[in-house]
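This report describes selected parts of one model. Look over the sequence and the structure before reading on.

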Amino acid sequence: MDVRFASAVSWPSPCAMACTAALGLLAALAPAHAAGTGDSSNSGGGFQPTPISATPDRQAGLAAFAQMERVLLHPRCLNCHVPNAPLQGDFSLVHYPPVQRGADGKGVAPLQCATCHSTANSPLPHAPPGLDTDGRPGWHMPPEHMKMSWIGLKGAALCKVLREPETNGKRSLAMLEQHMVTDHLVAWGWQPGPGRTLPPLDKTAFDEQVRAWIRNGAPCDATEPLRRSIGTTKADATREVVDHLRALAANNDHTASRSQP
Amino acid sequence: MISFRLNGQPQQVDVPGDTPVLWVLRDTLGMTGTKFGCGIAVCGACTVHIDGQQRRACVTPIESVAGQQITTIEAVGGDRIGQAVQEAWVKHDVVQCGYCQSGQIMAAVALLSANPKPSDADIDAAMSANLCRCGTYVRIHAAVKDAALALA
Amino acid sequence: MRPMFQYLNGALPAALEESAAAAPGGLGRRVFLKMSLASGFALYAAGGSAQEATQGGSGPGAPEPLKPFQQPSAFVAIDADGIVTVTIGKIDFGQGVQTALPMLVAEEMDADWSKVRCELAPAGEAYKDPFFHIQMVGGSTSMKGSWQQYREIGARMRAMLVGAASKQLNVPAAQLRTESGSVIAPDGRRLGYGVLAQAAFAEPVPSGVVLKTPAQFKLIGKPVSRLDARAKSSGRQDFGIDLKLPGLRTVVMVHPPVFGGRVARFDPAPALAVPGVEEVIQVPLSGGAVGLAIVANGFWPARKARELVKVDWDLAGVERVDSAAQLEQYRALARTPGIVVEKADTSALDAARPGLGRISAEYTFPYLAHTPMEPLNCSIDFRGDRCTVWVGSQFQTVDQAQVAGVLGLKPEQVTLNTMTAGGGFGRRATPTSDYLVEAAQVAKARHAAGKSGPIKMIWSREDDVRGGYYRPSHLHRVEIAHDRQGNVVAWKHVIVGQSITMGTPFEGFTVKNGADTTMTEGVAESAYPFPIALEVHHPKVNVPVLWWRSVGHTHTAFVMETLVDELARAGRQDPVAYRRKLLAKHERHIAALDLAVERSGYGKTKLAKGRAWGVAVHESFNTVVAYVAEVSMKDGRPVLHRVTAGVHCNLAINPRTIEAQVQGALVMGLGMTLPGAAITLKNGEVEQGNWNDYRVPIHLDAPQVAVFIVPSADPPTGMGECGVPPIAPAIANAVAALTGKRLRSLPFPA
């Protein structure tokens, strides 16, 4: 979302009031927007991203990614990181009943993900998995405009799709780590309900490999420059946006009051 | 105790929170219009509306709908879309055994609420998650189109 | 076709009684019903002789006393407001008999159709089918068998109403007429049926009655809306599973993973820890198996508990069937001499002959599960000296007898209430009464332990998909020698598959010299004049099997109609023209085929690019159905766009319910072609469990369907099943036209 208003525009005062009200709303919504896509974690300010080491080791980073890849390509993750409709089950078959992704990744009304995927896994085998996001069914895919599809990719190609903001939902490395380590839809992969295979690393080990990869410059191949910065976390990004908008609003008020006789 | 609204009326049940809405309706409250077909949300016989969204009651824990509004087949005829759908169903003699039809009607109402002018492809996409072993799909399709026309 | 009813001798009911008395608690072994009965589902004749059997007094000479199935009081009730309730002896699980049968009564009665209602009769003497002498639905016989019976009931009722009116109006009966629920005198005075009802039922019941001619029908033959449409469209129709009774307990079973398995050890503790679960008991199941019953105050606790119960199974001596191995066994069997069903000269196949072409084909078909929408269930209230059962049964007399047998009662001590069922397709007509016997065992055990109160046993969908009683798996081996015009010179045909009726009361009629006609129907009496030499093998396999909607025709029609198509093309003949020549003596086949062809545009309309026609015509259960299908290919799989159906069912009682049956049966038939529509076993365990992995047709799969009925006034033939067989071959024939590839198995490859 582009928050750069043209500051040269002078705002009439009713507009300024509306603007300030909108800012409040924006501040509340900003975490979702700043991330670029709906994120299903209850992100607070508690998350501390892993900084890049002063002496990053490319080989260690590549080895860490190779471990991450084993999880990323497991059906528990892969089934929703696809270009069209989701896949299903340990054998990544076409999802049955037939469903569509939908613009927001939550299906096409009236047959949305939440129609069958409820707030919790069922104890019955082959029932659809579920999880709870703020009391509502939280199952979804990445949206149409940011598919985050990586089926058919591996190695450097997979790594880059995951790492680059253009393909990963506009996430910095800090936000990416936050997603993989704290997002509860990601975490579902390790609590998938009866009869579903688990990813080849346990969650703690996976998180460790994520950190190791980032710490070592998040390398994807043998030659590209290592990353130097992890960027901002969601919380920080939100703060920046809100501050910026407040500054804008303050300017406009000042302008408006000056225009009164 | 878990409180929710059922067909517009307040309701309270004292059951374990993981009890699916389907069994609260059928066994606790004796409302058997919503049917059990598969238990794993793949047939649609248990379809209800929760806060206006189509949901499968067999996998929805009752504790997750605390404070929400559940609408079942018994009351779906209370609004103009539900009524149009039911009339179309009767006009086309859609039903055979009838067991899937509560779910089919709930799905059709959800479709027409979201999309008042569904194309054939829209109807196929929206209704293909509701199974019918008698094979009434041909008449379901015609009835949905007819209901859409009646509502236009 | 021979009239079958003449073999019926009423021995079945006697044998059922005998076995119930001789085998109390007869479980752990099959309840064998010894008899010489001839009653079959697979074969049934229409024709005038059917009427004679029910006339019982309508003919000239001394009138015989009326039988229970001829008494209006068992079938008709009229209240003071003139509401006419017709009680039918047939279960309705979607076929529409609860509209069509009352139509027969209402027609002859001149009832006001808007005041007609329908109820399903409990098990009872009057409701036994006059031909089969048991209360049952199957073999597409409901309307065919009831055609005379129910009209006569209506006519008798009318006569009684007129008789009562005659007294009240003081006008001779012959001068009175009836119309739309009233008796009307020449001077215009009228009395409604409601007013006359009580007096009418006090009138003597006439034995001889005159029925209307088709020209006089006001109701029969019209597209009448279903009586149950509104209730079923508003959640107000109760099914067996919806039964509510004070103190009702719900029972969920734990079945062995392999047919015939037995509980060795079990730990109920984790199950008992689930709130609402009362007890877990061990019970004998059908066929010598032993399982568990979880009893709870509702379905969910019991179902949840089932995932927690720990069981060790004793599978010693139990055959563990494997589908892949079975296929190889069937292949090997087909190469050995079998039971000869039809002899013919096959010398043209012995060596290659100049000028003769040869088709060699192997066809395979998997086990199929019925999976009706309503899971199997039954409720029992056992009081020691009597018992009430509520069940959506296609086999009331058989079920009643078997439940009685388990409980040590006589059948008449068991009241069996027929519930509306959510689909049947044959599964609710099981000679072993399998799930009812389980429920009876639970009721018996609880009663013995001093626990009172009714129980409702509900099978989960997994119980259903894994519970057996499938359409058997089959292999066909066919060798055909034909000339350049596609004329058949020799035809050698071997069919391998389990016998459905051996070991059941129906064996006496359907099994001849060890060959089961329910497997060979559609080949053995094919309308085509082919010189078929037919042999069969009936291996014994540890998988319970049963009739699945259209029974043998489910596989034989596919084989016959695709081979006919292949022969036509081998002879460079149009598939329709080829059939018309061969079926020239079969008027009904020709009529149905011509109607479908004409209305489809076949041969006239140019199809869109990438589309082809596929044709099939097949008679089953005395009705001929022809399909002309329009098919295209997408990603290597056929897409069915449109089907035009021509149906010859003699007189069409209700074109609306006929259309529904054809549309629905067509969908079920095309379901057989869908990848995943197969029950397979590995190491004795069924691999599928629910509709996630047992594929049935969805809305998207249904084509456009137009149904046309050949006009006829002959006594009606059945519509329940005949729409299933011809669709799969019609699709396969279109695929052959499009791709040159012959499909030889169902389901089609993925």
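## Terms and numbering

Two strands pair if DSSP finds at least two bridges between them. Helices (H or I, at least four residues) and strands (E, at least two) are DSSP runs, numbered from the N terminus.

This is a predicted model, in which local features need pLDDT of at least 70 and side-chain atom pairs count only at pLDDT 80 or more, while totals for chains, interfaces and linings use all residues. Residues are numbered from 1 along each chain as its sequence is written, and chains are lettered from A and ligands numbered from 1 in the order in which they are written.

## A three-stranded sheet in chain C

Strands E5 (residues 182-184) and E6 of chain C are antiparallel and share three bridges. Across this pairing, C:Ile184 is opposite C:Arg190 of E6(C). The open sheet has three strands in the order E4-E5-E6 (chain C), with antiparallel pairing. Its edge strands, each pairing on one side only, are E4 (177-179) and E6 (190-192) of chain C. From one strand to the next, the twist averages 25 degrees.

Helix H6 (residues 193-202) of chain C lies across E5 and E6 of chain C and runs at about 75 degrees to E6(C). Axes here are lines fitted to C-alpha atoms, for helices over the stretch in contact, and angles run from 0 to 180 degrees between N-to-C directions. Two residues are in contact if their C-beta atoms, placed from the backbone, lie within 7 Å.

Strand E15 (residues 387-391) of chain C is largely enclosed by the rest of the structure, because four of its five residues are buried. A residue is buried if 20 or more other C-beta atoms lie within 10 Å of its own, exposed if 12 or fewer, and partly exposed in between, with C-beta atoms placed from the backbone.

Strand E14 (residues 377-382) of chain C pairs with E15(C) in the antiparallel sense over five bridges. One bridge has C:Val391 in E15(C) as the partner of C:Cys378. The two strands E14(C) and E15(C) make a hairpin with four residues between them, and C:Gly384 in the turn has a positive phi of about 90 degrees. E15(C) also runs parallel to strand E16 (residues 414-418) of chain C, joined by five bridges. There, C:Thr415 in E16(C) is the bridge partner of C:Thr388.

## Helices of chain C

Helices H4 (residues 97-109) and H5 (residues 142-169) of chain C pack at about 35 degrees, and their axes are 6 Å apart. The contact includes C:Leu101 and C:Leu104 of H4(C) and C:Trp147 and C:Tyr150 of H5(C).

Which residues of H20(C) are buried? Among them are C:Ile727, C:Pro729, C:Ile731 and C:Val735. The buried residues pack against elements of chain C including helix H16 (553-570), strand E24 (623-634) and helix H19 (655-671). After H20(C) comes C:Gly740, with a positive phi near 80 degrees.

Chain A has nine helices and six strands. Of its 261 residues, 33% are buried. Among contacts in chain A between residues at least 6 apart in sequence, 69% join residues at least 24 apart.

The contact between chains A and B takes 22 residues from chain A and 20 residues from chain B. On the side of chain A, strand E4 (111-112) and helix H4 (113-116) of chain A are the elements that give two or more residues. H4(A) gives the most, with three residues.
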